[in-house]
Number of protein chains: 2
Amino acid sequence: MSLTQIQYFVAVAEEENVTRAARRLHVSQPPLSRQLLKLEDELGAALFDRAAAGDKRMQLSPEGRTFLEHARRILAEVEAAEQSVKTSGGLRGT
Amino acid sequence: MSLTQIQYFVAVAEEENVTRAARRLHVSQPPLSRQLLKLEDELGAALFDRAAAGDKRMQLSPEGRTFLEHARRILAEVEAAEQSVKTSGGLRGT
DNA sequence: ACGACCCAGATCCAAAGGGTATTGGACCGC
DNA sequence: GCGGTCCAATACCCTTTGGATCTGGGTCGT
């Protein structure tokens with residue numbers, strides 16, 4: 001699992017559409033699709049409900065919904081970590 | 001910034017020694033050293049106090065100490081995310 | 001002075017990650 | 001039923017990243 005995968009996942013979860021999420025992330029659709037599958041594989045669970053025939057939306061599965069909450073927390077924490085260092089360290093140098 | 005870098009950083013911070021941390025992580029010392037430098041570069045701050053001439057320990061800088069707390073939270077959250085999915089999804093398969 | 005220890009740099013190679021092109025399935029208008 | 005459209009997944013290639021080995025510079029203990 002990587003931070004990139006987590007970001008990708010969140011974007012797709014929010015857009016409910018891989019292609020749109022890809023645009024938002026400035027990557028192309030296939031890599032995004034692949035990372036999603038890889039993440040699901042690593043976790044051993046389907047994060048999306050693709051089988052929803054007739055509906056094109058990438059809807060979150062129950063596991064997906066659970067994971068989404070954690071994913072957001074992780075990304076928030078990462079950002080906090082960056083900020084904390086940049087704030088404390090950024091004051092001194094030129 | 002990647003989860004790997006964060007793990008590496010935590011290990012080195014705990015061991016106060018790159019070589020030992022490398023052994024613990026089952027990687028060799030140079031890659032570990034590089035990732036550390038890269039992380040510091042990305043964050044724009046020194047996480048360790050290498051300048052402490054005469055002292056071989058990789059001691060955390062003030063920024064390093066701050067970052068360490070966040071780093072641990074991130075890793076914990078990642079593990080929680082994995083567990084949550086595996087627990088809920090792991091019941092069905094084989 | 002020599003050996004032990006430690007971090008960082010250089011170099012090489014394998015693996016990962018992204019891009020384009022394409023396929024396959026589902027829906028829609030005709 | 002047949003093309004057109006939309007979407008995700010696959011195939012294939014290529015660049016980039018990340019790890020391993022080897023080397024160098026520096027400090028300490030003997």
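Copies of a chain are superposed by least squares on the C-alpha atoms of residues with pLDDT of at least 70 in both. The model shown is predicted: local features need pLDDT of at least 70, side-chain atom pairs count only at pLDDT 80 or more, and totals for chains, interfaces and linings use all residues. Residues are numbered from 1 along each chain as its sequence is written, chains are lettered from A and ligands numbered from 1 in the order in which they are written, and side-chain values use heavy atoms, with hydrogens and water left out.

**View 1. The relation between chain A and chain B.** Two copies of a chain are related by a rotation about an axis and a shift along it. Here a rotation of 180° with 0.0 Å of shift along its axis places chain B on chain A, with an RMSD of 0.0 Å. That is the relation of a two-fold axis. The copies meet through the same surface, because 100% of the interface residues of chain B are also interface residues in chain A.

View 2. A:Leu3 belongs to helix H1 (residues 3-15) of chain A; helices (H or I, at least four residues) and strands (E, at least two) are DSSP runs, numbered from the N terminus. With 6% relative accessibility, A:Leu3 counts as buried; buried means under 20% relative accessible area, exposed over 50%, and partly exposed in between (1.4 Å probe, protein chains only). Not counting residues up to four places away in sequence, A:Leu3 touches A:Ile74, A:Leu75, A:Val78, B:Met1, B:Ser2 and B:Leu3, where contact means heavy atoms within 4.5 Å.

**View 3. The faces of helix H3 of chain B.** The buried residues of H3(B) are B:Leu32, B:Leu36, B:Leu39, B:Glu40 and B:Leu43. Seen down the helix axis, they fall within an arc of 95°, so they line one face of H3(B); the arc is that of the directions from the helix axis to the C-beta atoms. On the other side, B:Arg34 and B:Asp41 are exposed. B:Gly44, with a positive phi near 70°, follows H3(B).

**View 4. The protein around DNA strand D.** Of the 22 residues around DNA strand D, those that come nearest are A:Ser33, A:Arg50, B:Tyr8, B:Arg34 and B:Lys38; a residue is near a strand if one of its heavy atoms lies within 4 Å of it. Sugar and phosphate make up 56% of the atoms of DNA strand D that come within 4 Å of the protein. A polar side-chain atom of B:Lys38 lies 2.4 Å from a phosphate oxygen of DNA strand D.

Terms used:
A polar contact is a pair of N or O atoms within 3.5 Å; within protein, one must be able to donate a hydrogen and the other to accept it, and residues adjacent in sequence count only if both atoms are side-chain atoms.
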